[in-house]
Amino acid sequence: MSIQVSRLTDPTVRAFVTAVNSHDQAAFRAAVTPDVTMSDDGTDRDVTEWTDREIFSSNGHMDVENESDGGHVLIVTYRNDTWGEMRTKWRFTIDDGKISRFETGQA
């Protein structure tokens with residue numbers, strides 16, 4: 001059973017998930033620092049290229065199953081048009097109310 005996005009503990013993570021699920025690139029940029037970094041399965045990636053490919057152009061969607069560490073770690077059923085559906089773990093680093101790094105990979 002998923003957790004409603006509106007019930008996620010951390011407001012910054014909530015804004016990130018909302019932006020992803022609504023495919024709102026402006027809201028996504030507002031939720032992250034200008035120099036945000038990320039990794040996918042342990043490999044650092046270019047955030048702009050990765051999010052365009054894995055989220056925005058492929059209809060990415062996060063169904064949150066669980067949250068921990070004050071809402072900074074999520075277990076998510078993630079799906080997009082490219083890869084289908086998979087269980088993933090997301091870890092967020094928050095600085096001054098914005099996400100400065102996120103890490104994702106298979107859970």
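## A loop residue to start with

Aspartate 96 sits in the loop between strand 5 (84-95) and strand 6. Strands here are DSSP runs of E with at least two residues, helices are runs of H or I with at least four residues, and both are numbered from the N terminus. The phi angle of aspartate 96 is near 50 degrees, which is positive although the residue is not a glycine. Most residues other than glycine have a negative phi. Aspartate 96 is also exposed, with a relative accessible area of 85%. For the cut-offs, exposed means over 50% relative accessible area, buried means under 20%, and partly exposed is in between (1.4 Å probe, protein chains only).

Bear in mind that this is a predicted model, where local features need pLDDT of at least 70 and side-chain atom pairs count only at pLDDT 80 or more, while totals for chains, interfaces and linings use all residues. Residues are numbered from 1 along each chain as its sequence is written, and side-chain values use heavy atoms, with hydrogens and water left out.

## The overall fold

What does the secondary structure come to? The protein chain has three helices and six strands, and along the sequence they follow the pattern α-α-β-β-α-β-β-β-β. The radius of gyration is 12 Å, close to the 13 Å from the globule rule for 107 residues, so the chain is as compact as a globular protein of that length. That radius is taken over C-alpha atoms, and the rule is 2.2 Å times the number of residues to the power 0.38. Along its principal axes, the C-alpha trace spans about 35 × 30 × 25 Å.

Of the 107 residues, 43% count as buried. If you take the contacts with a separation of 6 or more, 46% of them are between residues 24 or more positions apart; a contact here means heavy atoms within 4.5 Å. The accessible surface comes to about 5800 Å², and carbon and sulfur atoms hold 45% of that. Those areas come from the Shrake-Rupley method with a 1.4 Å probe; for residues, only the protein chains shown count as cover.

## Charges

On the charge side, the protein chain carries 11 positive and 19 negative side chains, and the centres of the two sets lie 3 Å apart. Lys and Arg count as positive, Asp and Glu as negative, with His and the chain ends not counted. Each charge is placed at NZ of Lys, CZ of Arg, CG of Asp or CD of Glu.

Side chains of opposite charge can pair when their charged atoms come close. How many salt bridges does the structure hold? There are five, where a salt bridge is a side-chain nitrogen of Lys or Arg within 4 Å of a carboxyl oxygen of Asp or Glu.

Arginine 101 pairs with aspartate 44 in a salt bridge at 2.8 Å, N to O. This pair ties together distant parts of the chain: arginine 101 is in strand 6 (residues 98-106) and aspartate 44 is in strand 2 (residues 43-45), 57 residues apart. Aspartate 44 is exposed, at 55% relative accessible area. Arginine 101 also has a salt bridge to glutamate 103, at 2.9 Å, N to O. Put together, Asp44, Arg101 and Glu103 are linked in a network of salt bridges.

Glutamate 103 lies in strand 6 too, and is partly exposed at 31% relative accessible area. Which residues does glutamate 103 touch, leaving aside its neighbours within four places in sequence? Its contacts are Ser39, Lys89, Trp90 and Arg91.

Arginine 79 forms a salt bridge with aspartate 63, with the closest N and O atoms 2.7 Å apart. Here the linked distant parts are strand 4 (residues 73-80), which holds arginine 79, and strand 3 (residues 61-68), which holds aspartate 63; the two residues are 16 residues apart. Arginine 79 is partly exposed at 32% relative accessibility, and aspartate 63 is partly exposed at 24%.

Histidine 23 is in the loop between helix 1 (11-22) and helix 2 (25-31). Its phi is near 55 degrees, a positive value in a residue other than glycine. Buried or exposed, or in between? Histidine 23 counts as partly exposed, at 30% relative accessibility.

Aspartate 69 is in the loop between strand 3 and strand 4, and counts as exposed at 52% relative accessibility. Aspartate 69 and phenylalanine 92 are 23 residues apart in sequence, and their C-alpha atoms are 9.8 Å apart in space.
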